[in-house]
Amino acid sequence: MDGFFRLWKRTRQIREEAIRAFWFCTAIFAVVALFFILFFLIQNGYPIFEQVGVSNFLAGDVWNPTGAAPAYGIFPLIVGTLLVTLGAMALAVPLGIAVAVFIAELAPPGARAVMKPAVELLAGIPSVVYGFFGLVILTDWIRVSFNVASGETWLAASILLGIMALPTIVSVSEDAIGAVPRGYREGSLALGATHWQTIAGVVVPGALSGITAAIILGMGRAIGETMAVIMVAGNAGVVPEPLWNVLSPVRTLTGTLGIEMGEVAVGSAHYHALFGVAVVLLVITLAVNLFARGILARVSEQHTATAARVARKRGCGTIKPYAYAVLGIGALGTLTAATDILVAAAVAVALFGAVYVRRRVSAKTGQKIAFGFLYAAAGIVLFVLGVILFDIVYNGAPALSWEFLTASPSNLGRAGGIGPAILGTLYLVGGAILFALPIGVGAAIYLHEYTREGRITEIIRAGVDLLGGTPSIVFGLFGFAFLVLYLNLGVSLLAGQITLGLMILPTIIRTTEEALKSVPDSVREGSLALGATPWQTIRQVVLPPAVPGILTGTILGIGRAAGETAPILFTAVVFSRRFLPTSVTEPVMALPYHLFILATNVPGARENQYGTALVLLVLVAAIYLVAIVIRTRYQRSIQW
């Protein structure tokens, strides 16, 4: 009997160790995937660095790989990327922070119930729909308003990317503001400060690390965007003359990859040069995301500062005016170098005027003015969302019919329907979820249930975060190099499903881990005290209450996969196909790609363009709405 008991105990122990090893493999998958992406990009990009030289490649002022004398200088592409990103941040940062403050500090429950879903809906609109709206409406407005030949400019790309970066900045900033202890606010108000003085002098400084991280993450979002930039930036590989000419067309790193990768000969110098561009893009975005991750890791430290640290900060207070003066002079000097002395002087006068007015007006008047700006910012966001939705719904509704939703396209998409594109999108999303869900849930289980914080955990989390910050076009290039060419899967449904699965994997890991964190430790301890094994505790006690959170993450992953174009651009899709694929080795149609080609390459298809945009928008919005409803019901029903 004792021998049987020892055998049973040993068998159970081996089973638990095997399960733990399996979950570890799923957790390390994100790190392995990131390594493979880096390896294949560097492997395919190295020949161009060897041929041209790193300095010539980065600093060369001409990008003309198809010329009689090919030129591979990406400096104009880097400048275009930076200019578009800076323009987007100039719009998104003040507007995003203002909206975050409004939601966290001012909005009544009814307004908050409207603003938060509005921001989430902005995040859920596919980038190709943003690009389509920008191409049809925004560029035309710029052309007419500024009397230029084409509205496809740096300004159009910055405005569009600024709108797209808003949800990230608002969401992360609001979380940071909400994390500031309530006692800080109460102490400030008790000392006689107004509500606005408390926000500006206590709450925002207390949340500054998180707000900084939000700005950096928004910047990473703007740098990594592909389809919208291709559609509105003009795609001219030149440095604007003068540099501040916002009406000049520009070309970005991501736009170059999206435009040229589909037409390049595999193995040519042009092919390797594009992978070199991808390496530079990935290095930039990884650096941005690492910086943001480091800042977010220190957010909590500002709320646990000791008195000594506070005293040291106060002791340094006399230095601050001089530091601000040096920073101001440096910023104006940089602005003068980038533009001219008149622009810098105008900016300086505006800043000094703002400071003068701020010191002259009373606290109550200043509060009214500040709150007016915050309400205006919230109104602008709602207005932008309303304009986008109204334009697409109003112009797309007439195209909707049963035939449009079920038939195959004809006459290059000008007639017929989008039935194969709808089903192809569902096939791609379904396969991506089947690939990513077990790996993502398993990784979250290992990170939260089987291991403590340590070096291995830090590496895995860093891999997950960096994989989540990788631009979607880079996933597309990796899928093309590894799946399509190396594994010889060809442009196929399977290659697209795996590529999309890799892209949404970090989302599923993060949301699942948050769901597991919501289950109290006392529940686990009670199960283990009754003799259950760790896996029995996880399977029977921890996972059931975490299912709604896991389901929310899954739906969010579905929504993102359904709206992405860049990852499937070179791996899975064709523009027109009359019949559905009979196997996973065949290519498919997809709504985002179909809309992109209709909008950029097929004149005279306006009604079907809007109809396709509306169907894609409704599909993705419905997916996100389901996730919001599940999350809300779960938050209301949970009782621990």
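User: Where is N235 found?
Analyst: This is a predicted model, in which residues are numbered from 1 along each chain as its sequence is written; local features need pLDDT of at least 70, side-chain atom pairs count only at pLDDT 80 or more, and totals for chains, interfaces and linings use all residues. Side-chain values use heavy atoms, with hydrogens and water left out. Helices (DSSP runs of H or I, at least four residues) and strands (runs of E, at least two) are numbered from the N terminus. On that numbering, N235 is found in the loop between α10 and α11.

User: What is phi of N235?
Analyst: Most residues other than glycine have a negative phi. N235 is not a glycine, yet its phi is positive, at about 60°.

User: Which peptide bond is cis, with omega near -10°?
Analyst: Most peptide bonds are trans. P242 lies in the loop between α10 (227-232) and α11 (253-260). The cis bond is the one that leads from E241 to P242.

User: Is N488 buried or exposed?
Analyst: N488 has its place in the loop between α20 (472-486) and α21, and its phi is near 60°, a positive value in a residue other than glycine. Relative accessible area decides the class: under 20% is buried, over 50% exposed and in between partly exposed (1.4 Å probe, protein chains only). With a relative accessible area of 63%, N488 is exposed.

User: What share of the 640 residues in the protein is made up of buried residues?
Analyst: The secondary structure of the protein comes to 25 helices and four strands. Of its 640 residues, the buried share is 49%.

User: What angle do the axes of helix α4 and helix α16 make where they cross?
Analyst: Two packed helices are described by the angle between their axes and the distance between the axes. Axes are lines fitted to C-alpha atoms, for helices over the stretch in contact, and angles run from 0 to 180 degrees between N-to-C directions. The axes of α4 (residues 109-124) and α16 (residues 363-396) come within 10 Å, and their crossing angle is roughly 50°. Angles under 35 degrees count as roughly parallel, over 145 as roughly antiparallel, 65 to 115 as roughly perpendicular and the rest as oblique, so α4 stands to α16 as oblique, at that angle of roughly 50°.

User: Into which classes do the residues of the contact of α4 with α16 divide?
Analyst: Contact means heavy atoms within 4.5 Å. On the α4 side the contact is made by V114, M115, A118, L121 and L122, and on the α16 side by A378, V381, L382, L385 and L389. Ala, Val, Leu, Ile, Met, Phe, Trp, Tyr, Cys and Pro count as nonpolar, Asp, Glu, Lys and Arg as charged, and the others, Gly among them, as polar. The contact therefore has no polar and no charged residues, and 10 that are nonpolar.

User: How are α6 and α9 directed relative to each other?
Analyst: The axes of helix α6 (residues 154-178) and helix α9 (residues 208-224) come within 8 Å and cross at roughly 155°. Residues of α6 including L161, M164 and A165 meet residues of α9, among them G210, I211 and A214. By class, this contact has 12 nonpolar, four polar and one charged residues. The two helices, α6 and α9, are therefore roughly antiparallel.

User: How far apart are the end C-alpha atoms of helix α19?
Analyst: Helix α19 (residues 455-468) has 14 residues, which at 1.5 Å a residue should span 20 Å. The expected span is 1.5 Å times one less than the number of residues. Its end C-alpha atoms agree with this, being apart by 20 Å.

User: What is the relative accessible area of T537?
Analyst: T537 lies in helix α23 (residues 534-563). Leaving aside neighbours within four places in sequence, T537 is in contact with R524, S527, L528, A532 and V542. T537 is buried, with a relative accessible area of 4%.

User: How far apart in space are R577 and A421, C-alpha to C-alpha?
Analyst: R577 is found in the loop between α23 and α24 (591-601) and is partly exposed, with a relative accessible area of 21%. Not counting residues up to four places away in sequence, R577 touches S408, P409, P420, E586, P587 and M589. R577 and A421 are 156 residues apart in sequence, but in space their C-alpha separation is 8.4 Å.
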